[in-house]
Amino acid sequence: MPQPHVYRTEAIVLRQRPLVDADKVCVLFTPLHGRIEAVAKGVRRTRSHLAGHVEPLTRSRFLLAKARSLDIITQAETIDAFPALHDDLDRLSRGLYAAELVDRFTDSAADGTRLYQHLLDTLHRVETADSPDLPLRWFEMRLLDDQGYRPQLQQCVRCESPLRPDGNAFSVPAGGVACPECRTGLIGRPLSGRAFKLLRFLQTAPYEQSAQVRIDAGLGRELEGHLRGAVELALDQEVRAARFVEVVRSTSADVHNGKRAAAPFVERRAQGED
Ligand SMILES: [Zn+2]
C-alpha cells in the first residue's frame with residue numbers, strides 16, 4: 001500500500017528552532033508517532049496563521065504532509081494553550097524542563113502513548129499545582145521507569161540487604177541507594193531519611209497521593225538533586241532547562257525580597273531559543 005501523503009495527529013510542541021527564511025522547525029511529541037520534527041513555513045512572519053498554534057508548550061491538532069526529509073505542517077489548531085503556564089515564569093520554566101526531558105529521551109517513530117499522557121498530565125499539574133516542582137519529580141520517576149533506569153530503592157545496590165531509612169547514600173552511577181555499610185567508596189550523595197521515604201513513595205504512589213505530601217524547600221531541593229542526577233546520567237548530558245529553572249527560582253526569590261525585577265534574558269530563554 002502506498003504511504004498517505006498527509007496525516008493527522010495531535011501533538012504537544014516541545015520546542016522550535018529557526019530555519020531559513022521565515023520558517024521554523026517544530027519538535028512535536030505525538031501519542032502514536034512519538035517525536036517528530038516538522039517544518040512550519042512562514043511562521044516568523046507577523047501575519048502567519050500557524051504561529052500561535054505551534055508555540056512551545058502548546059497542544060494542537062496537526063495536519064502534516066510527508067516530505068523527503070522533514071514533514072511539513074500544513075494546518076494547526078490549538079487544543080490547549082496552557083495559558084496559566086505561559087503567564088508565570090516559575091511554571092513556564094518547569095514546563096520547558098518537562099518538555100526537554102521528553103525531547104531528549106525519545107527517538108522518532110516510537111509509540112509514545114503512555115509518555116504522551118504523562119507529559120500532558122504533568123503540564124496541567126505544573127500549571128495548577130501549589131508547587132510546580134512536585135509534578136516534575138513524579139514525572140522524572142515515571143520517565144526513569146519507562147526508559148529502563150528505575151532507581152533501586154528497596155535493597156542496597158551493593159550488598160542487597162533490605163534498606164532502612166537512615167544513614168544511606170543515593171548513588172546515581174550504582175543505580176540507587178547504598179546502605180550505611182556499603183556507601184563508603186561509592187560515588188553518591190547522603191540521602192536523608194525523609195528523602196528516602198519520599199523517593200520510595202514517588203516510585204509507587206499515584207500522583208494524586210504524592211501531591212498530598214507537604215515538602216519543605218530543603219527536602220524539595222534534596223529530592224531534585226537526586227532525581228536530576230539520575231536523569232542526567234540516563235541521558236548522558238545536562239538538562240539545559242534546569243539552569244533556566246535555577247535562574248527563575250533565584251530571580252523570584254530576589255523579587256520577593258524586593259531586590260530586582262526579572263532578568264530580560266529569562267524572557268528569551270522562555271521562547272525556547274538560545
Ligand atoms: Zn549494603
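In this predicted model, residues R91, R94, G95, A98 and V102 of helix α2 meet L115, L119, T122, L123, V126 and E127 of helix α3. By type, the residues of this contact divide into 6 nonpolar, 2 polar and 3 charged. The protein chain as a whole comprises 9 helices and 8 strands. Of its 274 residues, 36% are buried.

**Helix α2 against helix α3**

- The axes of α2 and α3 come within 9 Å of each other and cross at roughly 170 degrees.
- Because angles over 145 degrees count as roughly antiparallel, α2 is described as roughly antiparallel to α3.
- A98, one of the α2 residues that meet α3, touches L119, T122, L123, V126, L136 and F139, when residues up to four places away in sequence are left aside.

**Helix α3 against helix α4**

- Helix α3 spans residues 113-128 and helix α4 spans residues 133-146; their axes come within 9 Å and cross at roughly 170 degrees.
- The crossing angle makes α3 roughly antiparallel to α4.
- On the α3 side, the contact is made by R114, L115, H118, T122, R125 and V126, and on the α4 side by P135, F139, R142 and D146.
- The residues of this contact divide into 4 nonpolar, 2 polar and 4 charged.
- R142, one of the contact residues of α4, has 20 other C-beta atoms within 10 Å. It is classed as buried because the cut-off for that class is 20 or more.
- R142 and L115 are 27 residues apart along the chain, and their C-alpha atoms are separated by 8.5 Å.

**The largest nonpolar core**

- The largest nonpolar core contains 64 residues, and L28, I73, A98 and V177 have the most contacts inside it.
- Helix α2, residues 89-105, supplies the largest share of this core, with 8 residues.
- Domain 1 (6-80) and domain 2 (83-151 + 165-270) both give residues to the core, so the core lies between them.

- Among contacts in the protein chain with a separation of 6 or more, 55% join residues 24 or more positions apart.
- Leaving aside residues up to four places away in sequence, L120 touches I12 and R59.
- Is L120 buried, exposed or partly exposed? L120 has 18 other C-beta atoms within 10 Å and is therefore partly exposed, since a buried residue needs 20 or more and an exposed one has 12 or fewer.

**The loop between β3 and β4**

- V43 lies in the loop between strand β3 (34-40) and strand β4 (59-65).
- V43 is buried, as 24 other C-beta atoms lie within 10 Å.
- The C-alpha atoms of V43 and D23 are separated by 5.6 Å, and these residues are 20 residues apart along the chain.
- Apart from residues up to four places away in sequence, V43 touches A22, D23, K24, S48, L50, A51 and V54.
- L57 is also placed in the loop between β3 and β4.
- With 24 C-beta neighbours inside 10 Å, L57 counts as buried.

**Residues with a positive phi**

- L57 has a positive phi of about 60 degrees, although it is not a glycine.
- D236 is likewise a residue other than glycine with a positive phi, in this case near 60 degrees.
- Where is D236 placed? D236 is in the loop between helix α7 (217-235) and helix α8 (240-256).
- D236 is exposed, with 7 other C-beta atoms within 10 Å, whereas L57 is buried.

Terms used. Residues numbered from 1 in each chain as written. Predicted model: local features only at pLDDT ≥ 70, side-chain atom pairs only at ≥ 80, totals over all residues. Helix = DSSP H or I, 4+ residues; strand = E, 2+ residues; numbered from the N terminus. Contact = placed C-beta atoms within 7 Å. Core = buried A, V, L, I, M, F, W, Y, C linked by C-beta atoms within 7 Å. Domains from an automatic or database assignment. Axes fitted to C-alpha atoms, helices over the stretch in contact; angles between N-to-C directions. Parallel < 35°, antiparallel > 145°, perpendicular 65-115°, else oblique. Nonpolar A, V, L, I, M, F, W, Y, C, P; charged D, E, K, R; others polar.
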